[in-house]
Amino acid sequence: MTAEALTDKVDDLYGYVQERCLWHFSSRSWDRQENIDGVLAKAGDMLTGREPVLESPNDRLQFAEAKSMVEDFRERFPWLREAGDEEIRQLLDGLKERLVDIAITQSHNRELKHHLY
Amino acid sequence: MPMVLLKCDKDIPEREKHIYLKAPDEDTREYLPIANAATIPGTLSERGCAFCGAKLVIGGVLKDTIQMIHGPIGCAYDTWHTKRYPTDNGHFNMKYVWSTDMKESHIVFGGEKRLEQSMNEAFDEMPEVKRMIVYTTCPTALIGDDIKAVAKKVMKDRPDVDVFTVECPGFSGVSQSKGHHVLNIGWVNEKVGTLEPEITSEYTMNFIGDFNIQGDTQLLQTYWDRLGIQVIGHFTGNANYDDLRKMHRAKLNVVNCARSSGYIANELKKQYGIPRLDIDSWGFSYMAEGVRKICAFFGIEERGEQLIAEEEAKWKPKLDWYKERLKGKKMAIWTGGPRLWHWTKSVEDDLGIKVVAMSSKFGHEEDFEKVIARGQEGTYYIDDGNELEFFEIIDLVKPDVIFTGPRVGELVKKLHIPYVNGHGYHNGPYMGFEGFVNLARDTYNAVYNPLAGLAGVDIRVPEQVAPILLREAA
Ligand code: SF4
């Protein structure tokens, strides 16, 4: 896949998350990071046919978020069905980079680093 | 397009940092309105006070609790009966209001005795009620009345009562948001974990941040019942005081209003390890998604699919009837904060409506991150809007309907623009599948109601009236 094609596909996934999801905009930067890492890891498992680990309550939560997202991804973006494991990894890495960038690194939200809720 | 300085704000240029017009290819890395900041002198804010955020929004919803407002009578009246949150026990919370009615002599000589007397009087008058929240207000906070000490004394004298105190006078924050925060944190630290629930299902959750506005909680409860999920605490729609002391036993926190109640969900996660799931309860596709996520968490996906199928079969044709007639209409949403991001996509996707301007009274920057991510280009995003700004924005975007509160609603009615009560609703509930059809119906009735047009003509003149009455209501 060319870099351009990858960017276009990451754009699609990113657009979906921005429009539909709330987990990357949780209250503090560490919550955002935990959700972004956790939900995308579970999504990666599902998209590459691995069984997601469901040990802790938080695992189950991230699984529930990822499940909805992956179902919508599959429905909206038919090209995802043809993607191999390596491509899925690249796509989710790209998505993670974009989400961390907007929700944490470059966010202007002045409350993100407050140590109390 | 960067931030916008409206013409009416030329003498208060600081307002530019609070108003954003979204342009193509821009996002919140470049522009984010400043929010949850002190109101700028010279702007006439629509905000409420911090005490109001605690009492009117959260505490006052409880169905079995005396709300003792320690202050002058106005603080009580201003936070009573302006929200419609019924209960299944005859609307106890809406029928009564309690105040220590502080007068000058109490301010001069101290109000603690007055408070103790009022608390005892209220419990004596209502012997079946055993729970109370006591709130400070500006004057009683300023004179340093120790309401915690008084509450302790009353609880000692009356061992069968339980009292929670909220020390959040009007001046303690920039808006009602501070009151949400103080009540959330106080409750989780002082009351959660002090009672144990009876567990009746292996699937347990708290539903956080829905206040049974015109029956929202009661409607959604029918879903949880059908799914076999036990809701331990509704924070705080149609809830009992004691239910909320048991919130530590739920397996999942489902959050609707992240602004008023996100704090307690975060603390329940931090202190008790209960995960937090944020959902949108307004709109068909959002509600279905919320049900799916909750069911996926518990591993009961088939039950969720069945419920969604039943609800959609019943309500989707009705929704579509309205969608056909509302497609392309322009809406402004001027409410508290989260309804901006809850509603902007749901009215767009489910009803074909375009949201052209949104203003938040007490939202934080997080709310603007969410709404700008979801909202359209060419739409205005305003923090702490004032009346003159509303008039100017109306001229710029020409909405067909405005979702806002009754006070701003009265203003826009004078411009012959229909409004729907975005806080207490016109004819709710608005949450859930059935609820969104109600919202669609109220929007349709507002947009096509000839009254707004008739208000602008001389109704004695048939030639002026006829075209308005004949206008096809789609
Ligand atoms: S601002 Fe102070 S005095 Fe006014 S209603 Fe609020 S608490 Fe009462």
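Start by selecting B:Pro429, which sits in the loop between strand 14 (419–421) and helix 17 of chain B. Keep in mind that this is a predicted model. Show the backbone here: the peptide bond from B:Gly428 to B:Pro429 is cis, with omega near 5 degrees.

While you have backbones on display, hop to B:Phe235 and B:Thr236. A cis peptide bond joins this pair too, and omega is about 0 degrees. B:Thr236 belongs to strand 7 (residues 230–236) of chain B.

One more backbone stop: B:Asn212. Its phi is positive, about 50 degrees, although the residue is not a glycine. You'll find B:Asn212 in the loop between strand 6 (204–210) and helix 9 of chain B.

**Helix 9 against helix 17**

Two packed helices are described by the angle between their axes and the distance between the axes. What are those values for helix 9 and helix 17 of chain B? The angle is about 150 degrees and the axes are 8 Å apart. Helix 9 and helix 17 of chain B are therefore roughly antiparallel to each other, since angles over 145 degrees count that way.

From helix 9 of chain B, pick B:Leu219, B:Leu220 and B:Tyr223; they meet B:Gly432, B:Phe433, B:Glu434 and B:Gly435 in helix 17 of chain B. By class, this contact has four nonpolar, two polar and one charged residues.

**Helix 12 against helix 17**

Which residues meet here? On helix 12 of chain B, look for B:Trp315, B:Trp321 and B:Tyr322, among others. The partners on helix 17 of chain B include B:Phe433, B:Phe436, B:Tyr444 and B:Tyr448.

**Where chain B meets chain A**

Zoom out and colour by chain. In this contact, 44 residues of chain B touch 32 residues of chain A. The area buried between the two chains is about 3300 Å², with carbon and sulfur atoms giving 47% of that. Select B:Arg29, B:Phe297 and B:Glu369: they supply 19% of the area that chain B buries against chain A, more than any other three residues.

How many salt bridges does the rule find across this interface? Nine.

Several elements of chain B supply at least two residues each to the side that touches chain A, among them helix 8 (177–190), helix 10 (258–272) and helix 14 (365–374). Highlight helix 11 (284–298) of chain B as well, as the largest share, eight residues, comes from there. By class, this side of chain B has 16 nonpolar, eight polar and 20 charged residues.

**Last stop, chain A**

Over all chains, a search finds 49 salt bridges. Finish with A:Lys9 and A:Glu87, whose closest N and O atoms are 3.1 Å apart in a salt bridge. This pair links distant parts of the chain, 78 residues apart: A:Lys9 lies in helix 1 (residues 3–20) of chain A and A:Glu87 in helix 5 (residues 85–105) of chain A.

Technical notes: Residues are numbered from 1 along each chain as its sequence is written. Chains are lettered from A and ligands numbered from 1 in the order in which they are written. This is a predicted model: local features need pLDDT of at least 70, side-chain atom pairs count only at pLDDT 80 or more; totals for chains, interfaces and linings use all residues. Side-chain values use heavy atoms; hydrogens and water are left out. Contact means heavy atoms within 4.5 Å. Helices (H or I, at least four residues) and strands (E, at least two) are DSSP runs, numbered from the N terminus. Buried area is the accessible area (1.4 Å probe) that two parts lose on being put together, summed over both. A salt bridge is a side-chain nitrogen of Lys or Arg within 4 Å of a carboxyl oxygen of Asp or Glu. Ala, Val, Leu, Ile, Met, Phe, Trp, Tyr, Cys and Pro count as nonpolar, Asp, Glu, Lys and Arg as charged, and the others, Gly among them, as polar. Axes are lines fitted to C-alpha atoms, for helices over the stretch in contact, and angles run from 0 to 180 degrees between N-to-C directions. Angles under 35 degrees count as roughly parallel, over 145 as roughly antiparallel, 65 to 115 as roughly perpendicular and the rest as oblique.
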